[in-house]
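Student: Hi! Could you walk me through this one?
Tutor: Happy to; here it is.

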Amino acid sequence: MNMKLQRAGRNDPCPCGSGLKYKKCCLGKETAGRVDLKQLYFKKYQIRLKGPEDIAAIQKAGRLALDILDRVEAMIRPGIATDEINTLVDALTSAAGGVSAPLNYRGYPKSVCVSVNEVICHGIPGARVLNDGDIVNVDVTPILNGYYADCNKTFFVGTPGADARKIVTVSRECLRLGMAAVRPGNTVGDIGWAIQQYAENQGCSVVREFVGHGVGFDFHEAPQIPHYGRKRQGVVLVPGMVFTIEPMINLGRKELRVLGDQWTAVTADGSLSAQFEQTLLVTPSGFESLTPFD
């Protein structure tokens, strides 16, 4: 992927990813007027920029992920076991000709992550029954024709209480604000800063141990996308980058512990946790969600 460096202003971060201002880096040095960002970003950061065919394929996998989440939402109700969600996700993924990326990933035993109430992420579906007032996050990652798309939503079970409404509302807004920070010339730190500032101003906390990530050719790629940080810090965003933003927001403290199954992460203080995730493409003018939902 080639990108004209003249798109950057003199005081903008250089599109080459050096972290320097354009005027202090590549301004006036472009003998051919272009820098091969695809080669540069892989060499410097191991980030694999995506081309048009890749983007179309990830988008197709993203549509499948959204269809699955819509079907899951329709079945959410008090009295169902979380393993019933796994059965549905596995069946829908297979019927579409896909494969569930979580299944057997580093030993994970199921096709989907289902995280209830105090479970931050990586909840293993099983006999746990959903009760009225619960919140439940469902995280799906189908592989379709060799390409990955990753997204999740947190759902209300029955009638939510005030705490459930708050944490779900805050986490959804955190995703929106993080997405709004995605555009060429901004940095990974700009995304984390936007999320952290809002969450903490609402009296909530941001989980540090789990982050967003590159996706598309593989389940987890470079770069990592922390949901906390400082403005203008980290990798400069350029067109062709595809990654997830998936802030995990706790109603209480940010600390967590991992249960004996070595997967299920829960809040250390037992408070509610919620999450929303989309797979995003950096475009020349901003971003496009490859798993779009309101």
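Tutor: What follows is a short chat about this predicted model.

Student: What are the ground rules?
Tutor: In this predicted model, local features need pLDDT of at least 70 and side-chain atom pairs count only at pLDDT 80 or more, while totals for chains, interfaces and linings use all residues. Residues are numbered from 1 along each chain as its sequence is written, and side-chain values use heavy atoms, with hydrogens and water left out.

Student: What does the chain average for pLDDT?
Tutor: The average is 93, and 90% of the residues score at least 70. pLDDT is the predictor's confidence in each residue, from 0 to 100.

Student: Where does pLDDT stay under 50?
Tutor: Over residues 1–7, for which the model has 28 contacts beyond four places in sequence. Contact means heavy atoms within 4.5 Å.

Student: Okay, new topic. Where is H227 found?
Tutor: H227 is in the loop between β12 (221–225) and β13 (242–245). Strands here are DSSP runs of E with at least two residues, helices are runs of H or I with at least four, and both are numbered from the N terminus.

Student: Is H227 buried or exposed?
Tutor: H227 counts as buried because its relative accessibility is 0%. Buried means under 20% relative accessible area, exposed over 50%, and partly exposed in between, using a 1.4 Å probe and protein chains only.

Student: And what does the side chain of H227 reach?
Tutor: The backbone nitrogen of E246, at 3.0 Å. Beyond four places in sequence, H227 also touches a set of residues including F210, I245 and M248.

Student: I245 again! What else is I245 in contact with?
Tutor: Leaving aside neighbours within four places, its contacts include L175, M179, I195, F276 and L280.

Student: Which residues touch the most other members in the largest nonpolar core?
Tutor: Y41, I85, M241 and I245 do, in a core of 76 residues. Helix α2 (residues 52–75) gives the most to this core, with eleven residues. A nonpolar core is a set of buried Ala, Val, Leu, Ile, Met, Phe, Trp, Tyr and Cys residues joined through side-chain atoms within 4.5 Å.

Student: What about a second core?
Tutor: There is a separate one of six residues, and C121, V207, M248 and L256 are among them.

Student: How about α4: what span should its 19 residues have?
Tutor: Helix α4 (residues 162–180) should span 27 Å at 1.5 Å a residue, and its end C-alpha atoms are 27 Å apart, so the two agree. The expected span is 1.5 Å times one less than the number of residues. The buried residues in α4 include I167, C174, L175 and M179.

Student: Let's do sheets. In what order do β10, β14 and β17 come?
Tutor: The open sheet runs β10-β14-β17, with antiparallel pairing. β10 (205–206) and β17 (273–275) stand at the edges with a single partner strand each, so one side of each has no neighbour in the sheet. Two strands pair if DSSP finds at least two bridges between them. β10 and β14 (residues 248–250) have two bridges, and S205 stands opposite N250.

Student: Last one: where is P109?
Tutor: P109 is in the loop between β3 and β4 (113–116). With a relative accessible area of 42%, P109 is partly exposed, and beyond four places in sequence P109 is in contact with L103 and I124.

Key: A polar contact is a pair of N or O atoms within 3.5 Å; within protein, one must be able to donate a hydrogen and the other to accept it, and residues adjacent in sequence count only if both atoms are side-chain atoms.
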